[in-house]
Amino acid sequence: MDRAPEADDLVFECKDGIGRITFNRPQARNAFTFAMYERLAAICEAANDDRSLKVLVLRGAGDKAFASGTDINQFRAFNTPQDAIDYENRIDRVLTTLEQCRVPTIAAINGFCTGGGAGIAAACDLRIGTRSAKIGFPIARTLGNCLSMSNVSRLTALIGAARVKDLIFTARLVEAEEAASVGLLGEVVEDLAALDKRAEEVARLLAGHAPLTLTATKQAVARLQRRLMPDEGEDLILMCYTSQDFREGLDAFLNKRAPQWRGQ
C-alpha cells in the first residue's frame, strides 16, 4: 500500500527501548499539520502499552527549527465558531496525551520552537536546547489568537504566571540562556551535534532507571496541577478566533504584511 505524503511528515523509529520522533517538515520549519498532531498522540498512546519502550525523544528535522507551531494554512478552513473550539480541544487532547505518556519524554530543541511547537516542548518532561534555540508564543504580533486555559495552566506550572504574561505580552522569543534561567530549558549545549549526543546520553540514562519510579513521579507531578473543566475558557477562545482581528492576522501573515489590530 502506498503511504500518504503526510505519513512522512512525522517519523517514528525505535531502537534499544528508545523511541525517536522526528518532525519532518524542515521546508516549513517543521510546522504541524493536524495529521502530525494526531500521529504524535497515537505514538504516545501506543507507548503506554509497549513495555519495551523506555523513553521518547522528540526533535525537529533540519537545522532551523524544533517546530514552529501549527501550519497557518490549517486555519484557512475555519468557518464557524465550533472550528475554533474543536481546534483548541484537539491541541489540548494531544498535549495531554503527550504529558501523560507513561515513559519519560525529552524535547531536543534546536532553532525555532514557537507556538504549538513550544506547547509540545512544555508538555515534555525534559528539555535540552542548543545555543540557537528560540522559544516563545508570538501570537500577540502574528495571528491575534490565544492559548487555551489548559495550555496557560501547563505553561504557568512550568515557569510561573508573571513569566507567562511577559512571554505572551511581549511576543518575544526567548533565547537559550534566558530559557534555561526561567525553566523553559533544563540544559543548554553548544550546537546540533552536541544536542543529538546529549539527548542520546540522557535517553540511555533514563532507559536504565526503574520505570515505575519514573511513571509514579510523572503522575504525582500531574496530580498537583489544577484540573480544568472541559469547556473552561471557551469564551476566551471564541473572543479571539471569531474576531475580525484574527482574520486580519491570518491574512497579514499569509501576505507577509504587518497586521492592523482593531480590538474587534
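Me: What volume does the largest pocket have?
Reply: About 710 Å³. Keep in mind that this is a predicted model.

Me: Ok, and how many residues line the largest pocket?
Reply: The lining has 35 residues. Ser68, Gly69, Thr70, Ile72 and Thr114 are the ones that lie nearest the centre of the pocket.

Me: Which elements give two or more residues to that lining?
Reply: Helix H2 (81-99), strand S6 (112-114) and helix H3 (116-123). H2 provides the largest share, four residues.

Me: And how do the lining residues of the largest pocket divide, nonpolar, polar and charged?
Reply: There are 18 nonpolar, 12 polar and five charged ones.

Me: Which helix gives the most to the lining of the largest cavity?
Reply: H8, with three residues. Helix H7 (192-207) and helix H8 (211-224) each bring at least two. Among the lining residues are Leu53, Lys54, Pro104, His209 and Leu214. By class, seven are nonpolar, two polar and two charged.

Me: What lines the second largest cavity?
Reply: Gly119, Ala122, Phe137, Leu147, Asn151, Arg154 and Leu155.

Me: Switching topic: is strand S5 buried or exposed?
Reply: S5, residues 105-109, is mostly covered, with five of its five residues buried.

Me: Which residues sit on which side of S5?
Reply: Thr105, Ala107 and Ile109 are on one side, with Ile106 and Ala108 on the other, and both faces are covered. Side chains in a regular strand alternate between the two faces of the sheet.

Me: In what sense do S3 and S5 pair?
Reply: Parallel, over four bridges, with S3 being residues 55-60. Valine 57 has isoleucine 106 in S5 as its bridge partner. S5 also pairs in the parallel sense with strand S7 (residues 126-130), over four bridges. There, isoleucine 109 stands opposite glycine 129.

Me: Last one: where is threonine 33, and why does it count as buried?
Reply: Threonine 33 is in the loop between strand S2 (18-23) and helix H1 (34-49). It counts as buried because its relative accessible area is 12%, and the cut-off for buried is under 20%.

Me: What is threonine 33 in contact with, leaving aside neighbours within four places in sequence?
Reply: Arg25 and Gln74.

Methods:
Residues numbered from 1 in each chain as written. Predicted model: local features only at pLDDT ≥ 70, side-chain atom pairs only at ≥ 80, totals over all residues. Heavy atoms only, no water. Buried < 20%, exposed > 50% of the residue type's maximum accessible area, 1.4 Å probe, protein only. Pairing = 2+ DSSP bridges. Contact = heavy atoms within 4.5 Å. 1 Å grid on protein atoms, 1.4 Å probe; cavity = no way out; pocket = protein on both sides within 12 Å on 5 of 7 lines; lining within 4 Å. Points joined across faces, edges and corners; volume = space filled by probe spheres on them. Nonpolar A, V, L, I, M, F, W, Y, C, P; charged D, E, K, R; others polar.
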